[in-house]
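Q: I'd like to learn how to read a protein structure, one feature at a time. Can we go through one together?

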Amino acid sequence: NTIVYFNFPMGTGATESSFFYLPFVSILALLKLITGSSYVLIGLHNGLKVSLGFLSVYWIVNELLFAEKNTRMKEYTGIIGGLFYILNPAMTENYVHALPIHDQVFLNPLLFFLLLKFLISSDFRYAAGALLFTFIFSHNFSFGGAPPFFAFFPFAIIFLLIYVRIIRRKTIPWKKIILACILFLGLQAYQLVPELSNLFAGNS
């Protein structure tokens, strides 16, 4: 039931663009051709949320406990952290709705982990991976996804910068960060530009 561009039949007939769904819906359409089952797609999507949510928190905990020499303790702590994240009521409420906009369930910790590894190692491959996920799940970085985006990422980025500079004593790769920001805006331009143009349209 997702369409790229439509007109509201009421009032002045304002246009509403949903270009932010293009990458996600295109991948769904491709997978539908392969699997032939909407049921399988729903299962894959929800399974992706839960599994990547768990793994991302597990990886984050292991990375934050970098000074812990007891490998087994790090493993157990990461597993407990991942289970707590995906099973606590704040997360399970999102599973009930299972809306695409709720992909933050796994996107937030996954992008947090990739940005953490990028800042620690200065390896741009982690930033490229994060950019790829932001493009595929662009609907979480659209106007509709703005509230949860600004509720999480500004604080997460501030925490990461403080953690990497003060706790890990690493140099912040500012040039690579600026490049990543420019690439992010470039990747999202296909859906941000139409939204901004609609904002200034006469019937908006």
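Q: At what angle do H2 and H5 pack, and how far apart are their axes?

A: A quick word before we start: this is a predicted model. Now the general idea: two packed helices are described by the angle between their axes and the distance between the axes. Here, H2 and H5 pack at about 35 degrees, and their axes are 8 Å apart. The crossing of these two helices is left-handed.

Q: Which residues in H2 and H5 meet?

A: Start with the general idea again. An α-helix has 3.6 residues a turn, so residues three or four places apart point the same way. Now look at the case here: the H2 side includes Leu-48, Lys-49, Leu-52, Gly-53, Ser-56, Val-57 and Ile-60. Among the H5 residues they meet are Val-105, Phe-106, Pro-109, Leu-110 and Phe-113.

Q: How many residues of H5 are buried?

A: H5 is mostly covered, with 16 of its 18 residues buried. From its first C-alpha to its last, H5 reaches 25 Å, close to the 26 Å expected at 1.5 Å a residue. Take Asn-108, which has its place in helix H5. With a relative accessible area of 13%, Asn-108 is buried. Asn-108 touches Phe-152 and Phe-153, not counting residues up to four places away in sequence. Just after H5, Ser-122 takes a positive phi of about 60 degrees.

Q: What about H7: which of its residues are buried?

A: Those are Phe-153, Ala-156, Leu-160, Tyr-163 and Val-164. What covers them includes H2 and helix H5. As for length, H7 has 22 residues and reaches 30 Å from first C-alpha to last, close to the 32 Å expected. Just after H7, Arg-169 takes a positive phi of about 55 degrees.

Q: I keep spotting Phe rings. How many aromatic pairs are there?

A: To call two rings a pair, check that their centres lie within 6.5 Å. By that rule the count comes to 15 aromatic pairs. One of them is Phe-24 with Phe-137, a tilted pair at 5.8 Å centre to centre and 45 degrees between the planes. Phe-24 lies in helix H1 and Phe-137 in the loop between helix H6 and helix H7, so this pair ties together parts that are 113 residues apart in sequence. Both partners are buried: Phe-24 has a relative accessible area of 8%, and Phe-137 has 6%.

Q: Which residues do ring pairs link into a cluster?

A: Ring pairs join Phe-141, Phe-149, Phe-150, Phe-152, Phe-153 and Phe-184 into a cluster.

Terms used. Residues numbered from 1 in each chain as written. Predicted model: local features only at pLDDT ≥ 70, side-chain atom pairs only at ≥ 80, totals over all residues. Heavy atoms only, no water. Phe/Tyr/Trp six-rings, centres within 6.5 Å; stacked < 30°, edge-to-face > 60°. Helix = DSSP H or I, 4+ residues; strand = E, 2+ residues; numbered from the N terminus. Buried < 20%, exposed > 50% of the residue type's maximum accessible area, 1.4 Å probe, protein only. Expected span 1.5 Å × (residues − 1). Contact = heavy atoms within 4.5 Å. Axes fitted to C-alpha atoms, helices over the stretch in contact; angles between N-to-C directions. Left-handed = near helix turned anticlockwise from the far one by under 90°.
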